[in-house]
Amino acid sequence: MQQLNIALVGMPGGGKSTVGKQLARQIGVPFVDSDHEIEQRIGGSIRQFFDRHGEDAFRDLETEVIAELISRPGDRVLATGGGAVLRERNRELLHGGATVLYLRSTPEDLFRRLRHDTTRPLLQVRDPLAKLRELHHQRDPLYRRCAHYVLESARPSVHALVNMALMQLELAGLLDPARVAATVGAEPQ
């Protein structure tokens, strides 16, 4: 069977890391978060790097990391940063090297989840809801262009989203249902 690379894209707070961890556990593959990989590489937080070096330098590093993660041998579930799709090269890498699931939420749902979060650099503004609306307007078409499948993530629980992702992957013939059944209850990777 071919390599199973699943990448999750979507807005900040859309559930990529949370859903990605559970999805990886269900299918018995490693979970990787590109933002975590970047922080490991720079030895600090993305927010500090962003403040010190700016968004362009961060996006350059993000492209490097995504290219490396996509090209690694072996199966994985990859959660990307919310702005990863801003670069055409990232969209090409993800779409060509993985099955991309877009976890789509409305700006209002995201605001409810993120209103107390101080770790996301692009949301540290006077009106975070307006910023989320602006980001959503800008990024939604890019997420859609990059994605193979769109999963509405506004209301479902994490468990329901994972099941929706599993069902989509099974229907597409990318995942053997027996593989999922064999890993239920297994320890996470």
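Arginine 72 touches Gln3 and Glu37, not counting residues up to four places away in sequence; contact here means heavy atoms within 4.5 Å. This is a predicted model, in which local features need pLDDT of at least 70, side-chain atom pairs count only at pLDDT 80 or more, and totals for chains, interfaces and linings use all residues. Residues are numbered from 1 along each chain as its sequence is written, and side-chain values use heavy atoms, with hydrogens and water left out. Helices (H or I, at least four residues) and strands (E, at least two) are DSSP runs, numbered from the N terminus.

**The loop between H4 and E3**

- Arginine 72 is found in the loop between H4 and E3.
- Its relative accessibility is 35%, and arginine 72 therefore counts as partly exposed. Buried means under 20% relative accessible area, exposed over 50%, and partly exposed in between (1.4 Å probe, protein chains only).
- Between arginine 72 and asparagine 5 there are 9.7 Å in space, C-alpha to C-alpha, although they are 67 residues apart in sequence.
- Proline 73 also has its place in the loop between helix H4 (55-71) and strand E3 (76-79).
- With a relative accessibility of 75%, proline 73 counts as exposed.
- Proline 73 lies 24 Å from glycine 10, C-alpha to C-alpha, and the two are 63 residues apart in sequence.

- Helix H1 (residues 16-27) has 12 residues and reaches 16 Å from its first C-alpha to its last, close to the 16 Å expected at 1.5 Å a residue. The expected span is 1.5 Å times one less than the number of residues.
- Lys16, Val19, Gly20, Leu23, Ala24 and Ile27 are buried in H1.
- Seen down the axis of H1, these buried residues fall within an arc of 130 degrees, so they line one face of the helix. The arc is that of the directions from the helix axis to the C-beta atoms.
- Glycine 28 follows H1 and has a positive phi, near 70 degrees.
- Valine 162 has its place in helix H8 (residues 158-171) and is buried, with a relative accessible area of 3%.
- Not counting residues up to four places away in sequence, valine 162 touches Val19, Gln22, Leu23 and Gln26.
- One of these, glutamine 26, is 136 residues from valine 162 in sequence and 8.4 Å from it in space, C-alpha to C-alpha.

- Ile46, Phe49 and Phe50 are the buried residues of H3.
- Down the axis of H3, its buried residues fall within an arc of 100 degrees, so they line one face of the helix.
- Exposed residues Asp51 and Arg52 are carried on the face of H3 turned away from its buried side.
- Helix H2 (34-42) and H4 are included in what covers the buried residues of H3.
- The axes of helix H3 (residues 46-53) and H4 come within 7 Å and cross at roughly 130 degrees. Axes are lines fitted to C-alpha atoms, for helices over the stretch in contact, and angles run from 0 to 180 degrees between N-to-C directions.
- H3 and H4 are therefore oblique to each other. Angles under 35 degrees count as roughly parallel, over 145 as roughly antiparallel, 65 to 115 as roughly perpendicular and the rest as oblique.
- In this contact, Ile46, Phe49, Phe50 and His53 of H3 meet Glu55, Ala57, Phe58 and Leu61 of H4.
- The residues of the contact of H3 with H4 divide into 6 nonpolar, 1 polar and 1 charged. Ala, Val, Leu, Ile, Met, Phe, Trp, Tyr, Cys and Pro count as nonpolar, Asp, Glu, Lys and Arg as charged, and the others, Gly among them, as polar.

**Helices H4 and H5**

- The axes of H4 and helix H5 (residues 88-97) come within 10 Å and cross at roughly 10 degrees.
- H4 and H5 are therefore roughly parallel to each other.
- From H4, Glu62, Thr63, Ile66, Ala67 and Ile70 meet Arg89, Asn90, Leu93, Leu94 and Gly97 in H5.
- This contact of H4 with H5 divides into 5 nonpolar, 3 polar and 2 charged residues.

**Helices H6 and H7**

- Pro107, Asp109, Leu110 and Leu114 are buried in helix H6 (residues 107-114).
- What covers the buried residues of H6 includes helix H7 (128-146).
- Arginine 133 has its place in helix H7 and is partly exposed, with a relative accessible area of 42%.
- Arginine 133 is in contact with Pro107 and Glu108, leaving aside its neighbours within four places in sequence.
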